[in-house]
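Open the model in your viewer and keep the selection tool at hand. The stops below cover ring pairs, charges over rings and salt bridges.

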Amino acid sequence: MPSGHLLLEEPIRMASILEPSKANFFPAMTKIVGTLGPKSRSVEAISGCLKAGMSVARFDFSWCDPEYHQETLENLKTAIKSTKKLCAVMLDTVGAEMQVVNKSEASISLQENAQVVLTPNQGQEATSEILPINFDGLAKAVKKGDTIFIGQYLFTGSETTSVWLEVFEVKGEDVVCIIKNSATLAGSLFTLHASQIHIDLPTLTEKDKEVISTWGVKNKIDFLSLSYTRHAEDVRQAREFLSKLGDLSQTQIFAKIENVEGLTHFDEILQEADGIILSRGNLGIDLPPEKVFLFQKSALYKCNMAGKPAVLTRVVDSMTANLRPTRAEATDVANAVLDGSDAILLGAETLRGLYPVETISTVGKICAEAEKVFNQDLYFKKTVKYVGEPMTHLESIASSAVRAAIKVKASVIICFTSSGRAARLIAKYRPTMPVLSVVIPRLKTNQLKWSFTGAFEARQSLIVRGLFPMLADPRHPAESTSATNESILKVALDHGKALGIIKSHDRAVVCQKLGDSSVVKIIELED
C-alpha cells in the first residue's frame, strides 16, 4: 500500500479547533453498531441509543438464550416505532470460541507466578487452581511456552480483569499454566484465546446453525457476523446454509477476522464475504502490538477498494466504566474514520457499560469531526486509479455522480436503486455529502404468494458509510415513466428536507435509471 494513505491535504487552522461543532441530524456519516445487552435492552435505553446514532443492533449469542435476545429485539421494534429511526439487526455467532465456564459465578482470584490447570472436565468447579473449559482438544493444540489469554467475556483488556498464561506442561487432556499477572475473574463466562494456535472447532457450530434457523429466520436478520472466520470456505459454507432458509438467502455475511489464520487468508475471505469486521480484541492478542495498526490500515484499504463495508471494533473500552474516552481512544476513533472504516462496532461499551447512550453519542461526534478533514480528493483519485479502465457501466455512473456532486457543492446525492448496489457503489467513492438511497421495491413470488422486496436492501444500507435509505412506494417501479420518477423524486426531496439535509436553493445530484439508460442529473431546489 502506498505511503501517505489518506493524509490530510492541508494544515488545520488552530482557531477552527475551538469553534463549537455544528449540530446535525446525522451525527456522522460513519455508522455505529451497538451491542444490546443488560445495560441497553429496555425500550428507553434503546430509544436513547437510536437517537444518539446507532443504526445497527448487534445480538451476540455467545451469552444468554434466544428468549432473552427475543425480548430485547421486541423492545428494539418498539423503540424504532417511537423514534422513527431505522435500525438493522445483526446476529453474531459463537463460532470457534473457547470459553471458561464458571457455574457458581463466584469471583476467581489468580496470583502472579502461581499455577492453574485448564481442564475439559466441565463437571469441575472453577477455582483459582483449576478452570474448566468447553474444548477437549486444547492439550493437543498447545505446547510448552505458548501464550493463552483469559478475560471476562467482551473483556476490556484491563490487567485486573484479564489474565495472561504461559503453558508450562501438558498432562493428558489438561494444560498446566503459569499465571503471568495477578487478576480477578468475575462472572459466569470468560473467553479463552490461544495466541497463534489453530483450534480445531467449526466456524459455524451446530449451536450457531440452530440459532440461525430458528431465531434468525423468525426475525429475518439483516446481517450475520461470522465469528472466527479463518478461510473463504467458511463464508461459502455459511452462505450455502443461509440459502436454504427462505428470506435469509438475502442476509449479508460479515466475516469477522479475529486471528492470524483469518489475516493470512484475508484476500480470499474478502472476495466471498459481503463485508468485514476487524475484531481487534483477539487480533491484538495474536499480533504484536506494533503490528496491529498495519493490519488495520491494510485491511481497511482493501475493503474500500473492493467497495465492501469494513467495521472496526474495540475503540473506546474505557467508556465501559467511564463517561469520557481516553485521549488515545478518541484519536483511535478518528484514525479509524481517516483509515476508511464504514462503521464502528461497540461491544462491552453498550452491552454492559454504564453509559451506552453517551458512548454512542461521543463516538458519533468524533467520527463527524474526523470526516470534516477526510481527504476525499486524494481518496477519490486513488479509488479511480485502482479501479482502472475501462470501468463498468455502473462504476462509471457512480464515480461520475460523486465527482459532479463535489464540483457543484451539492447537499445530497439521491440514488434510485432496487438491489442497493448502485447506492453502495456511490458510497464507495466516499462523497462528502449524504447519499439518500431510494430503494424501489420489486414484486416477487415463490409460486405460493406474491411479496415485495426492498426492506432488506434498505436496512442493509445502514452499515455503509454515508448511505441513508428510504423505501419508496411499491406502486412506482424503478424503470417507470418520467412522471412517476419525478413523483418519487419529490418524495425523496421532501424526506431530505424533513431530515434537515436539504434546504431551499440547495443543489442535489440525482442518479436514476430511465429505460435502458442510467442518468446523472443536477437539480436546484426552489423555495
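A residue is called buried under 20% relative accessible area, exposed over 50% and partly exposed in between, with a 1.4 Å probe and protein chains only. The model is predicted: local features need pLDDT of at least 70, side-chain atom pairs count only at pLDDT 80 or more, and totals for chains, interfaces and linings use all residues. Residues are numbered from 1 along each chain as its sequence is written, and side-chain values use heavy atoms, with hydrogens and water left out.

**Ring pairs**

Rings of Phe, Tyr and Trp (its six-membered ring) pair if their centres lie within 6.5 Å; planes under 30 degrees apart are stacked, those over 60 are edge-to-face and the rest are tilted. The count under this rule is 9 aromatic pairs.

Select phenylalanine 61 and tryptophan 215. Their rings make an edge-to-face pair, with 5.0 Å from centre to centre and 70° between the planes. This pair links distant parts of the chain, 154 residues apart: phenylalanine 61 is in the loop between strand S2 (54-60) and helix H3 (66-83), while tryptophan 215 is in helix H5 (residues 206-219). Helices (H or I, at least four residues) and strands (E, at least two) are DSSP runs, numbered from the N terminus. Is tryptophan 215 buried or exposed? Tryptophan 215 is buried, at a relative accessible area of 3%. Phenylalanine 61 is also buried, with a relative accessible area of 3%.

Now select phenylalanine 380 and tyrosine 429. This pair is tilted, because the ring centres are 5.5 Å apart and the planes are at 50°. Phenylalanine 380 belongs to helix H14 (residues 376-387) and tyrosine 429 to the loop between helix H16 (421-428) and strand S19 (435-439), so the pair ties together parts 49 residues apart in sequence. Phenylalanine 380 and tyrosine 429 are both buried.

**Charges over rings**

A charge sits over a ring if NZ of Lys or CZ of Arg is within 6 Å of the ring centre and within 35 degrees of the ring normal. Select arginine 465 with phenylalanine 374: the arginine lies over the face of the ring, 4.7 Å from its centre. Then select lysine 209 with phenylalanine 241, where the charged end of the lysine sits over the ring at 6.0 Å from the centre.

**Salt bridges**

A salt bridge is a side-chain nitrogen of Lys or Arg within 4 Å of a carboxyl oxygen of Asp or Glu. The structure has 26 salt bridges.

Select arginine 58 and aspartate 60, whose side chains form a salt bridge at 2.5 Å, N to O. Arginine 58 counts as buried, because its relative accessibility is 2%. Aspartate 60 is buried too, with a relative accessible area of 1%.

Move to arginine 236 and glutamate 233, a salt bridge with its closest N and O atoms 2.9 Å apart. The two are 3 residues apart in helix H6 (residues 232-243), so about one helical turn separates them. Arginine 236 is partly exposed, at 37% relative accessible area, and glutamate 233 is partly exposed at 36%.

Next, select aspartate 274 and arginine 239. Their salt bridge has its closest N and O atoms 3.1 Å apart. Aspartate 274 lies in the loop between helix H8 (266-272) and strand S15 (275-278) and arginine 239 in helix H6, so the pair ties together parts 35 residues apart in sequence. Aspartate 274 is partly exposed, with a relative accessible area of 24%, and arginine 239 is partly exposed at 29% relative accessibility.

For the last stop, select Arg58, Asp60, Asp92 and Lys256, which salt bridges with shared partners join into one network.
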